[in-house]
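This report describes selected parts of the structure shown below. It takes up sheets, helix packing, single residues and model confidence in turn.

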Amino acid sequence: MTQGTQDVAGHQAARAKVVRQTLDRAELLLAEDVVIEAPPFQPASEFVLGDDFVAGARALLDKQRDKAAARVSRLEANGDFESWLAERAQQDLTRLSSITDSELGAAVRLMNGDVGVQVGGGDGLLPWGVVSWCRQNIESLPTTALTHRARLYLSAAGTAEAVTLLARWPESARGFDDLRVLEEVLARCGGEGPEQAVDEFVFGLQDDEAAWPAAAVWPFYAERVHLLVPRLNRPKDAFPQADRFFHRAAAILRAFPVMPAAALAPLAQLAITGGKVDRYVAQRTLDSHPGARRLAEHGLGENRAEIRLSAVAWLARIGDPAAIPALRAALKKERGEPARAALLSALESLGDDLSAHLAPEILLAEAARGLKRPVPAALEWFPLDQLPQAWWADGAGEPDAVGQRAVPPEVLRWWVVLAHKLKDPSGEGLLARYVSLLDPASRAELGSFVLSAWVAQDTRHPEPAESKAYADANAQLEYDHLQENPDWYERKAPGLFAASVEEHYNRLYRRHQAQYLGSATKDKGLLALTVGMPGSDLAAAARHYFTAHKGRRAQAESLVRALAANGDRAAVQVLLSVARRFKPVAVQQVAADLVQEVAERRGWTADQLADRAVPTAGFDDDGVLRLDLGSSGGGASSDEDRVFTGRVTEKFTLELRDPAGKVVKALPAQRERDDAEAYAEAKKQLAASRKELKAVITLQTQRFAEAMATGRRWPVEEWREFVLGHPLMSRLAARLLWVATLPDGGSAGLTATPGALSGSSAVAFRPGDGGALIGVDDGDVVLPEGAEIAVAHAVLLAGAGPDARTEAQAWREHLADYSVSGLFDQGLASDVVVPGIEAGATGIADHEGWLSDSFAIRGRATKLGYTEDVDDLWVHSYVKEYASLGVVVEIGFTGSPYMPREKVTAAVTELTFRRAGRPGSVPLADLPAVLLAVSYQDYVAVARAGQFDPDWEKKSQY
């Protein structure tokens, strides 16, 4: 046999082995034949468009034509008729003026299915321009059916483009939520290859966020599984879109009620031997399959440690205790530390008893074995010999001669090395279990030590002497260089050009000092040991890092994972703040995903998790912070009872008082008779309370403002416990006006009738002293069971109030009488009123043309919580996302460069809303009334950075 023949035979044998393995793995998943039944769907209905459509179209045309004519006249009056703006305005006017009622009637017949109407540019044909205008304005025209829009789009484009135009509409406007409806309509209206066109639409979208949810797509593929299976194949020479195709196909399959048999073989193969990402996706797709556990157990015997680790994690995720015997057997054979750690974690998560593996003597023996090998070179910087002394918690370890249960230092060293090897900053699983064996003080000290060391390693900067030398060597050179090119630098960088040698020295010194000498990203696993430290300490360190070291994305992500694993209230609060607003956005998304995971584990929504995670900053339920420096236990004098108290002021700062009630700025110096430990704890608590109070007030104020805009409602029981019953949240709530509604609804308006809500569907109130709820006329408000509570806004206070006053006015007077200053604007005193909204409107442009400059617009928008929407180094709008609604508010302006920053003349344009991650505008009628009112008020506030200028288009720099 020749060498070439041998090679071919070997290749065929290897291929045959892979095929056998694939079939074997697929057999582990096979069960009785399954039948997949898609839910029924209702084909789209249709009606006949008539003269009312032509009349509505003509009214819209006339309005657009008048606006275009006014624009042309304005440009002519400004002497700007030769500009490209005037040319475009004249083209718009000509186009709008040319459309006749007869042509609109022909468009109606086309949409009604008249096959005699042809589109084109010749005699007797419906002009392209009319079809194009109808397509562009379809959302503002009288109501049409899906079939009408399909015929309109098919008349001027192929089936694929028609699908895209119809399926990418906002959900509220497209008129269907099942792709089978779209396919049927396209076939009914003469589209070619509708099944292929719909399939290409599903997999053709570049942005996953813009894709239809899998739950709405799977019925289309229930009888078309053959279209999904090829997209699961992962050849080495896969085309660039293969990743997107695979992930989307897997997501659709996960939505199936039963996994189609045709998909089992490729998924089984990928679930065991695929690449890291593909393996995980395939496993998640098979998680609910009855044979998933058997397939995962099969992976425990693979040669590659990476695959064994993946199989262990999969079994832990499946959560079937029947896997315990297989995991125990694998543990006996396993020698690699990461795999052993994963196996122990999985066993414990499945309810196995690990006490035999967690005895101090076993842990010491394990540490001795692990430390026989050299410490990883990447960890040589870590001060292993300086780790703090730790103690076992009660019941663990044998006490020494003085009754202490000291942890051998080798154990802590090994945990550090193991954490480094595992590379998982979350600390979930085995390391969390190890740390839990320590007493609380040791957990705190170990976590703090490791965290401080990690941050110090990650944020190392040059020594001051090095920076001085660098500045000395370059200050004069830089000064001379600038002076040699005065024409250029005096014009482009006047501040730099005018700087003295000393100023250059200082700038160069600061720049050199700001350099990072390294990174602890590869050492992120060490953060796992922070899982047991006080959440307030971890939260404070994370907040400081995020502020002082912006732009270090990988490190920020690791800290976010450590916060989620820690799970303490203060840690979760920081996690929530990162999930709401943080740059880079990638870290924000990681935090949002972790928040969702934490909430799901605890059976709460993200909002409920946020409520329960608000720290108290050490304040008791009565709103008092008590700091005992070593009380005499009820001695005769206040001097002997050394209990200092703190309360929250009207400005939300902490006011400290001594035992006699006198306001003091700080705790006094420690006295000899003070308890040293109690004094140190009190001093530490005071510092932590001040920091935590500031953080809570800032974040919770933002949460309440967002809750007002989005219309969030609290069940009355939860509101009483987590808002009114919280020592800090209650102080914020007392500065707000609230609305209670009954679950059975009723009239839309609110009554101001004080007392029980039995006579009305809703009532406004504010929390008063002692937990009382006060109505607008000072009467007590009683909240019945089943009521729901929301942050009030003026637009909710409809109808007449007492004495024929408006409700908003009555509350404005009430709050002034009691000198209650609002936490934020609830619209009670605003002069900004949302203008009338036309049917189908998707934006408000009544302040278009208010001219100022890009810096003024940016200043006002960012102060209101908006961020720049940057596209290709160009800022064209300011946006604010309301994550709970999935809505993004967008205040448009004429634009400015993002880099370099440049102050340019600019004008505000339009206020619009869009779905997060999706194209197209949201109709204003679909938005909560308060969100629309608040956003419009922001829009007006940004516009009022300047004033209206009829020449704004000409004067705007871009």
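In this predicted model, A740 has V763 of strand β8 as its bridge partner. The two strands concerned, β6 (residues 738-741) and β8 (residues 762-767), pair in the antiparallel sense over four bridges. They belong to an open sheet of five strands, which has the order β5-β11-β6-β8-β9 and antiparallel pairing. The edges of this sheet are formed by β5 (714-715) and β9; each has a single partner strand, so one side of each is left without a neighbour in the sheet.

Helix α34 lies across β5, β6 and β11 (788-791) and runs at about 110 degrees to β11. Helix α37 (residues 807-817) lies across β8 and β9, running at about 15 degrees to β8.

Strand β13 (residues 850-853) and strand β18 (residues 947-948) are joined in the antiparallel sense over two bridges, with L851 opposite Q947 of β18. The pairing of β13 with strand β17 (residues 905-915) is likewise antiparallel and has three bridges; in this case S852 stands opposite A906.

**Helix packing**

Two packed helices are described by the angle between their axes and the distance between the axes. The table gives these values for two pairs.

| Helix pair | Axis angle | Axis distance |
|---|---|---|
| α31 (residues 569-580) and α34 | roughly 45 degrees | within 11 Å |
| α16 (residues 292-299) and α17 (residues 305-318) | about 155 degrees | 8 Å |

With the axes of α31 and α34 crossing at roughly 45 degrees, these helices are therefore oblique to each other. Their crossing is left-handed. On the α31 side the contact is made by A570, Q573, S577 and R580, and on the α34 side by E692, L699, Q700 and R703.

The angle of about 155 degrees between α16 and α17 makes α16 roughly antiparallel to α17. The crossing of α16 and α17 is left-handed. A292, R293, L295, A296, E297 and G299 of α16 make the contact with I307, R308, A311, W314, L315 and I318 of α17.

Which residues of helix α10 (residues 194-204) are buried? They are P194, A197, V198, D199, F201, V202 and F203. The cover over these buried residues includes α7 (159-167), α9 (179-188), α11 (214-221), α12 (225-228) and α13 (242-255).

**Single residues**

S896 is placed in strand β16 (residues 887-897). Its relative accessible area is 5%; because buried means under 20% relative accessible area, S896 counts as buried. Leaving aside neighbours within four places in sequence, S896 is in contact with S854, W874, V875, V904 and Y958.

Most residues other than glycine have a negative phi. A617 has a positive phi, near 60 degrees, and lies in the loop between α33 (606-612) and β1. D778 also has a positive phi, of about 75 degrees, and is not a glycine; D778 is found in the loop between β9 (773-774) and β10 (781-782).

**Model confidence**

The mean pLDDT of the protein chain is 84, and 87% of its residues reach 70 or more. Over residues 746-760 the pLDDT stays under 50, and the model has 33 contacts beyond four places in sequence for this stretch. Residues 799-804 also have pLDDT below 50, with ten contacts in the model beyond near neighbours in sequence. Where pLDDT is low, the predicted coordinates should not be read in detail.

Terms used: Residues are numbered from 1 along each chain as its sequence is written. This is a predicted model: local features need pLDDT of at least 70, side-chain atom pairs count only at pLDDT 80 or more; totals for chains, interfaces and linings use all residues. Side-chain values use heavy atoms; hydrogens and water are left out. pLDDT is the predictor's confidence in each residue, from 0 to 100. Contact means heavy atoms within 4.5 Å. Buried means under 20% relative accessible area, exposed over 50%, partly exposed in between (1.4 Å probe, protein chains only). Two strands pair if DSSP finds at least two bridges between them. Axes are lines fitted to C-alpha atoms, for helices over the stretch in contact, and angles run from 0 to 180 degrees between N-to-C directions. Angles under 35 degrees count as roughly parallel, over 145 as roughly antiparallel, 65 to 115 as roughly perpendicular and the rest as oblique. A crossing is left-handed if the near helix is turned anticlockwise from the far one by less than a right angle, and right-handed if clockwise.
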